Amino acid sequence: MSQTTQIPFVNLLAQYKSIQEEIDSAIHSVLESTAFVMGGEVKAFEEEFAHYCRARHCRGVGNGTDALVLALRALRIGPGDLVITPPNTFIATTEAITHVGARTIFVDIDPLTFHLDLDRLEEKVTSLRERGEPLKAIIAVHLFGQPCVWPALERLAAEHDLLLVEDAAQAHGGEWDERRVGSLGDIACFSFYPGKNLGAYGDGGAVVTNDDELAEKVGLLRNHGCAEKHVHEMEGVNSRLDSLQAAVLRVKLRHLEKWTENRIATARRYGERLADIESVVVPRRNDLARHVYHLYVIRTKARDALREHLQSQGVSTGIHYPIPLHLQPAYRYLGHQRGDFPAAEAAADEILSLPMDGEVTADQVDHVCDTVRDFVQ
Ligand SMILES: *Cc1c(COP(=O)(O)O)cnc(C)c1O
């Protein structure tokens with residue numbers, strides 16, 4: 001492969017070209033039907049996506065952030081309540097907590113999996129409980145596509161009477177010991193932002209649960225509390241999944257397993273080709289996890305220089321995320337400082353996301369790895 005090869009971080013155009021006819025015809029039929037809001041496409045997608053998650057219910061919503069907000073509302077988490085989450089997630093997770101009036105409690109991460117550190121989590125839960133604090137829930141983020149160690153979270157939640165919310169925005173199709181993401185917690189929240197593993201052509205999201213009442217509540221909340229026309233059971237919001245997006249998602253859902261398998265194969269190839277480079281740490285997968293590699297995140301001390309080198313050779317990369325939430329200006333009011341969550345801070349300085357999607361080819365992986373090797377040698 002020549003040095004002028006450009007390798008995009010995510011290639012949405014290549015994906016579209018590979019399914020163009022199906023997509024165009026699905027969009028066309030929504031246009032002809034004029035059922036743009038809450039039509040049959042949304043209902044059909046909800047059934048298909050619930051089935052895909054091996055869960056009973058799915059409710060489409062406007063985006064992944066709203067999925068989190070509405071899930072917390074359905075769980076009756078509100079003013080004064082405390083919710084634990086890691087500091088290295090996307091801000092939507094904590095925005096949702098604040099939005100319902102609750103307060104975010106950060107717990108540091110395990111540097112190998114980037115998930116909540118289970119020992120620190122247990123310590124924090126125990127100490128909050130001992131002080132009688134109103135701790136209600138943990139939002140476990142299946143970050144980068146790797147499902148969290150679920151039995152450990154379930155044990156802790158059962159012991160301390162906590163609700164478990166899955167932030168599954170990066171983990172469509174992930175599994176813990178053959179249990180699918182979306183069916184693990186009390187409720188799960190998905191995003192269909194275009195670059196996610198299952199992405200719409202605009203914003204979209206979903207709440208997935210096995211609980212009949214929670215599903216019904218989210219179904220009401222997303223649509224002005226409306227159970228039947230002109231009857232409002234409660235005040236809700238306007239956060240529905242568009243029919244056009246549902247139609248796109250139905251087409252893409254049929255291809256998702258193939259794309260996921262390509263992500264997994266891509267990750268395996270990266271792992272093999274980078275394994276012997278001492279200054280680069282490849283991501284660690286739990287044996288019982290089906291990691292769906294929303295992102296392939298390596299660690300290296302020379303992250304910024306490596307990133308520049310890759311860019312100069314046409315390889316686009318990303319950083320997810322360069323500033324942990326507890327150090328963001330938006331969370332100054334929480335009173336944290338550098339040093340509070342050292343594992344998350346070190347990760348933010350060292351992580352680099354390599355090109356990853358359903359279309360990456362073996363040649364592209366080899367080019368990326370050769371370029372990394374040029375840099376370290
Ligand atoms: C993308 C994402 C969200 C938010 O989803 P939107 O659809 O962009 O609102 C929430 N949490 C995580 C971890 C995400 O990656």
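This is a predicted model: local features need pLDDT of at least 70, side-chain atom pairs count only at pLDDT 80 or more; totals for chains, interfaces and linings use all residues.
The largest pocket has a volume of about 470 Å³, and the second largest pocket holds about 250 Å³ of space.

**Largest cavity**

- The volume of the largest cavity is about 100 Å³.
- Its lining comprises 15 residues, with L12, Q15, K196, R263 and D357 lying nearest the centre.
- Helix 1 (12-18) and helix 10 (256-274) are the elements that contribute two or more residues to this lining.
- By residue class, the lining of the largest cavity contains 4 nonpolar, 6 polar and 5 charged residues.

**Largest pocket**

- The largest pocket, at about 470 Å³, is lined by 28 residues, of which F90, S191, Y193, K196 and Y321 are closest to its centre.
- At least two lining residues come from each of helix 4 (64-74) and helix 5 (92-99).
- Helix 4 makes the greatest contribution to the lining of the largest pocket, with 3 residues.
- This lining divides into 13 nonpolar, 11 polar and 4 charged residues.

**Second largest pocket**

- In the second largest pocket, with about 250 Å³ of space, 13 residues form the lining, and those closest to the centre are I264, A267, R268, R285 and Y293.
- The elements giving two or more residues to this lining are helix 10 and strand 12 (289-290).
- Helix 10 provides the largest share of the lining of the second largest pocket, 5 residues.
- The lining of the second largest pocket consists of 7 nonpolar, 2 polar and 4 charged residues.

- Helix 10 supplies two or more residues to the lining of the largest cavity and 5 residues to that of the second largest pocket.

Conventions:
Residues are numbered from 1 along each chain as its sequence is written. Side-chain values use heavy atoms; hydrogens and water are left out. On a 1 Å grid over the protein atoms alone, a cavity is a set of points where a 1.4 Å probe fits but cannot get out, and a pocket is an open set with protein on both sides within 12 Å along at least five of seven lines; lining residues have an atom within 4 Å of a point. Grid points are joined across faces, edges and corners, and a volume is the space filled by probe spheres set on the points. Helices (H or I, at least four residues) and strands (E, at least two) are DSSP runs, numbered from the N terminus. Ala, Val, Leu, Ile, Met, Phe, Trp, Tyr, Cys and Pro count as nonpolar, Asp, Glu, Lys and Arg as charged, and the others, Gly among them, as polar.
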